[in-house]
Amino acid sequence: MVETEKCDVYSFGVVALEIIMGKHPRDLTSFTKPSFESIMITDVLDQRLLPPTNPIVAGNIVLVDTMAFSCLHPDPKSRPTMRHLSQEFLSHRKALAAPLRTVSLLQLWNQKMDSGQPPNQVISAPV
């Protein structure tokens with residue numbers, strides 16, 4: 001394997017999920033993409049911590065998860081750059097419009113970071 005910036009991005013995605021989950025995300029790799037629909041984000045959050053009640057914190061968790069999933073895209077050419085991730089994080093901090101327990105992993109997997117529109121109304125207005 002040739003080391004490229006896309007490898008670093010993949011590693012960032014793994015580490016981001018590991019921090020949010022409180023364990024290595026290898027458990028997520030055993031699921032198929034269609035089964036993500038039945039897995040809610042609250043099911044994979046680190047159970048040692050209380051679920052966030054602040055909509056801004058919840059929105060940031062959704063944003064980081066969305067970014068992490070985009071980093072894990074099977075096709076390295078479809079992964080974002082670290083510069084793009086940084087820009088997204090700095091410019092798209094948003095409050096969550098729906099309760100965190102209603103957000104599925106499939107919604108996050110399918111979310112497009114650079115569309116500028118919140119898919120499925122998961123995220124609302126910028127903060």
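Analyst: Where pLDDT is low, the predicted coordinates should not be read in detail. This is a predicted model, in which local features need pLDDT of at least 70 and side-chain atom pairs count only at pLDDT 80 or more, while totals for chains, interfaces and linings use all residues. Residues are numbered from 1 along each chain as its sequence is written, and side-chain values use heavy atoms, leaving out hydrogens and water.

The chain as a whole averages a pLDDT of 78, and 75% of its residues score at least 70. Confidence is lowest in strand 2 (residues 123-126), at a mean of 45, and highest in helix 4, at 90. The chain has six helices and two strands (DSSP runs numbered from the N terminus: helices are H or I, at least four residues, and strands are E, at least two). From the N terminus, their order is α-α-α-α-α-β-α-β.

Helix 4 (residues 55-71) also takes part in the one aromatic pair of the structure. The ring centres of Phe 69 and Trp 109 are 5.3 Å apart and their planes stand at 65°, so the pair is edge-to-face (rings of Phe, Tyr and Trp, its six-membered ring, pair if their centres lie within 6.5 Å; planes under 30 degrees apart are stacked, over 60 edge-to-face and the rest tilted). Because Phe 69 lies in helix 4 and Trp 109 in helix 6 (residues 105-110), the pair ties together parts that are 40 residues apart in sequence. Phe 69 counts as buried, at 4% relative accessibility, whereas Trp 109, at 24%, is partly exposed (buried means under 20% relative accessible area, exposed over 50%, partly exposed in between, with a 1.4 Å probe and protein chains only).

Of its 22 residues, Ile 41, Leu 100, Leu 105 and Leu 108 touch the most other members. Beyond its neighbours within four places in sequence, Ile 41 is in contact with residues including Ile 61, Val 62, Leu 100 and Leu 105.

Definitions and conventions:
pLDDT = per-residue confidence, 0-100. Core = buried A, V, L, I, M, F, W, Y, C linked by side-chain atoms within 4.5 Å. Contact = heavy atoms within 4.5 Å.
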